[in-house]
Amino acid sequence: EREGNPERAATLFHETFVIKQRKYGIQHRSTVLSLSCYARALAAAKDYEKAKKVHEQVISIKKEVLGNAHISTAMSLAELGIVHYRQGDNSGAVLELRRSLQSGDLAGKAQHVIMSMPLVFLGNALLRSGPALAKEVCVF
């Protein structure tokens, strides 16, 4: 059973994002953080399609501001992969989680403990996907 009220949280995070975007602009880290929180709340509310779109927007901004070789970009890619995973879209999960690991590697953070999260979800997605998808995947 889920806790709290993720739909209400999503509404509040979206309102916060709109206010911060107006005050600081779309590329300000506080604005992007609010947008990322909005995406997480949407996923918690099981509004996966909207959550994926918002995560993609966060990733686009982070790639523009921070580049692909940044741990924050890597974690946002992982969050998108986890949304795919929760939806049961194993191939989408594998794709985004691999991108996350590649981004973390480019950032020099492949061995950082935080990169274990996308690695665990990647393993789970591969376990659920069967041998066909697992054969295509080479993590490193």
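Which residue with a positive phi follows α2? K46 does, with a phi near 65°.

This is a predicted model, in which local features need pLDDT of at least 70 and side-chain atom pairs count only at pLDDT 80 or more, while totals for chains, interfaces and linings use all residues. Residues are numbered from 1 along each chain as its sequence is written, and side-chain values use heavy atoms, with hydrogens and water left out.

Two helices are listed below. Helices (H or I, at least four residues) are DSSP runs, numbered from the N terminus. The expected span is 1.5 Å times one less than the number of residues.

| Helix | Residues | Number of residues | Span, first to last C-alpha | Expected span |
|---|---|---|---|---|
| α2 | 29-44 | 16 residues | 22 Å | 22 Å |
| α6 | 116-129 | 14 residues | 20 Å | 20 Å |

Helix α2 is mostly covered, with 12 of its 16 residues buried (under 20% relative accessible area, with exposed over 50% and partly exposed in between; 1.4 Å probe, protein chains only). Among them are S30, T31, L35, Y38 and A39. The buried residues of α2 pack against α1 (6-24), α3 (48-65) and α4 (71-87).

H55 lies in helix α3. H55 counts as buried because its relative accessibility is 2%. Leaving aside residues up to four places away in sequence, H55 touches A39, R40, E79, L80 and V83, where contact means heavy atoms within 4.5 Å.

In α6, the residues P118, L122, A125 and L126 are buried. They lie on the same side of α6 because they cover an arc of only 100° around the axis, taken from the directions from the helix axis to the C-beta atoms. Just after α6 comes G130, with a positive phi of about 90°.
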